[in-house]
Protein chains: 4
Amino acid sequence: MKHHPVLPKERILETALKLFHEQGYNTTGINQIISEAGVAKASLYLHFKSKEDLGVEYLKARHAIWYEQLLSFTNESKKEKKKILATFDFLIDINEKENFRGCSFLNMLSEIQPDESKLLAVIQDYKQELRNFFADTMENPKDNLSDTVYLLFEAAMQESQLFKSQWPVEKAKKIVSDLYKLKYFK
Amino acid sequence: MKHHPVLPKERILETALKLFHEQGYNTTGINQIISEAGVAKASLYLHFKSKEDLGVEYLKARHAIWYEQLLSFTNESKKEKKKILATFDFLIDINEKENFRGCSFLNMLSEIQPDESKLLAVIQDYKQELRNFFADTMENPKDNLSDTVYLLFEAAMQESQLFKSQWPVEKAKKIVSDLYKLKYFK
Amino acid sequence: MKHHPVLPKERILETALKLFHEQGYNTTGINQIISEAGVAKASLYLHFKSKEDLGVEYLKARHAIWYEQLLSFTNESKKEKKKILATFDFLIDINEKENFRGCSFLNMLSEIQPDESKLLAVIQDYKQELRNFFADTMENPKDNLSDTVYLLFEAAMQESQLFKSQWPVEKAKKIVSDLYKLKYFK
Amino acid sequence: MKHHPVLPKERILETALKLFHEQGYNTTGINQIISEAGVAKASLYLHFKSKEDLGVEYLKARHAIWYEQLLSFTNESKKEKKKILATFDFLIDINEKENFRGCSFLNMLSEIQPDESKLLAVIQDYKQELRNFFADTMENPKDNLSDTVYLLFEAAMQESQLFKSQWPVEKAKKIVSDLYKLKYFK
DNA sequence: CATGAATGAGACTTCATTCAT
DNA sequence: AATGAATGAAGTCTCATTCAT
């Protein structure tokens, strides 16, 4: 646990990234983080004002990674429908790689208290960004049809975590595909 | 804190019902529960083997209440479409009454660890029951179209908790209504 | 755990006999006893005034069993030396059967507090009885030579528990045998 | 309870040394230790991983003190016989000073469970060291005669704790003295 | 910049005992 | 004679945070 090449701050964030996602925010204690990061306790509080602050940085880092992966899936196609359907392929991929741990942001949402408003604001921002992504990707801006996809996407993530199965993703993908055929999205 | 009229076991469960739902499972300690229930600590462990066991009983009680309320909304109509749309009215009602605390079951899902398998099993059971409810309510059994509604319903709950707003429910309800008009559900 | 043929009081004592000896007095809780005996908690306090009282009854019952086994070994011979040496054979036998749990009385001695005087008195009585047994078995009353055997016997029990090995018993037996040859015991 | 001069870790160990020896290991709770040491609970767990670990440190510290006292008694003589007999004088002294609390190591032996293997290993080590001390002190290595003394020494400690009396020590000492006269030890 | 020591508050669980039925 | 419910006290251990160095 000693003499890592990277800086303490990075090690802390990396470790938090792993543990908060795998075990949850409340379940992961400061002690486990510093122990696995190989860092002194005071060092954590030197770089992060509080656990909530570390939580915020965790969400930021997680968002960056998550979003990049999403784009790498959607950027392979030019057509709207293919781009949209590719988002569900991304979910299948991440479910497999991360063993159905679901959405980091929704998971933290369930854990936070009313007084942890910083965390809530960050989560809302990133989810709004995802809504915007779907809206921007879909050509027809009329009537927020993109939210249909957004809601199905969110449900797919949540339900595959719940049932530890890919069926919700596959079903959501099929629903979206059918709706395209039905000209639901004009 | 003394001389309550009801039995200790009931007081414990009632208090847990309130606190687990309002504050979350991990955030709510055994001490707060017994203090607010006006009961000795050993009394809790007399009636519930562990906190996880109390959590299971909480989910059972919550399910009973929740499901009854759902049915009271859907039973007001005879027609399928109206029944289905009424489920979203139920969400709007409960969001308002409970200040957007979202779904007890999904919230707990985010908090539990792999070793708390009893809790996961209970959550999965109740969600499967909800899936079955939609399937049974919708006449056309072909192709599990009912899961479209199920997924939108789940997303509506989750997203209204996230944004502290009714728009996801209203949007989901409109989507379902439009799909009926489009003959999506045959 | 239900509908045993024997009386509750007997079941409690039998269970305590097993558990106190195997696990120790303080380590064994009242709850485990009643659970394994299949008896209500109040039933225990109906038949035994307190845990200490149950402890006293345990020592009595244990003594009866232990002493009977000891006599069954010594009664096989008529000669003093053979009788004495047989006591060590008894130790070897009981060590094997009970997996080196040592002496119930000395074990409890280590656990009791100054205020548990009833237990101490019982232990002292039974150990004095053992001293008397050696004194009565050995013909020559002069100078309490029997205490040499008593002390070696006690040490053999204690040390075989400590080292989880029969060597202390075998060594003690050999020492006594040698002393006989040396005419130490006249 | 505040502003003690020595470091918390030392105060904890000192207090444990006193309480474990006087009251026993299981009977002495962590709460009493920190209360009498004037230290926060978390401080105990900062310096000692668990109660068992504190128990190990207690045994180490106890051994150091005990052994030093033993040597101070035996080092006063050059001759083997006098050295050996001095060990029993040491027992008489410690019995008096410590009010017949017996041997810390044997007392803990009676309390520990099979899963507390660290403690058992430490106890066995120190007792083996004592065996070696007798073997090294006695010139004639033939036939492990030193174990005769070791066993009598152990019994003397145990039995004086049991009977709250010096007679077992005095008797053991006399036996050893007689054996020297008998040329038992060659 | 980095650290190990120290802490108050609280986590979950079990103790031996009593009481009303 | 027998029981299950109820309890105050205590059990071991961990929480997020601060401070002097």
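**Two chain pairs, A with B and C with D**

Hi everyone, let's start with chains A and B: together they bury about 3,600 Å², and carbon and sulfur atoms account for 61% of that. On the chain A side, the residues that lose the most area to chain B are Ser110(A), Leu151(A) and Leu162(A), which together make up 18% of what that side buries. Please keep in mind that this is a predicted model.

How many residues are in contact here? Chain A brings 40 and chain B brings 41. There are two salt bridges between these chains. In a salt bridge, the side chain of Asp147(A) meets that of Lys171(B), at 3.3 Å from N to O. We also have 11 residue pairs in polar contact between chain A and chain B, both residues at pLDDT 80 or more.

Which helix of chain A gives the largest share of the side touching chain B? That is helix 8, with 12 residues. By class, this side of chain A has 17 nonpolar, 12 polar and 11 charged residues.

Now over to chains C and D. Here 41 residues of chain C and 41 of chain D make the contact. The buried area is about 3,600 Å², with 61% from carbon and sulfur atoms. In chain C, Ser110(C), Leu151(C) and Leu162(C) lose the most area to chain D, together 18% of what that side buries.

Two salt bridges are counted between chain C and chain D. Asp147(C) and Lys171(D) join their side chains in a salt bridge, at 3.2 Å from N to O. On the chain C side, helix 6 (104-111), helix 7 (117-137), helix 8 (146-163) and helix 9 (167-181) each give two or more residues, and helix 8 gives the most, with 12 residues.

Definitions and conventions. Residues are numbered from 1 along each chain as its sequence is written. Chains are lettered from A and ligands numbered from 1 in the order in which they are written. This is a predicted model: local features need pLDDT of at least 70, side-chain atom pairs count only at pLDDT 80 or more; totals for chains, interfaces and linings use all residues. Side-chain values use heavy atoms; hydrogens and water are left out. Contact means heavy atoms within 4.5 Å. Buried area is the accessible area (1.4 Å probe) that two parts lose on being put together, summed over both. A salt bridge is a side-chain nitrogen of Lys or Arg within 4 Å of a carboxyl oxygen of Asp or Glu. A polar contact is a pair of N or O atoms within 3.5 Å; within protein, one must be able to donate a hydrogen and the other to accept it, and residues adjacent in sequence count only if both atoms are side-chain atoms. Helices (H or I, at least four residues) and strands (E, at least two) are DSSP runs, numbered from the N terminus. Ala, Val, Leu, Ile, Met, Phe, Trp, Tyr, Cys and Pro count as nonpolar, Asp, Glu, Lys and Arg as charged, and the others, Gly among them, as polar.
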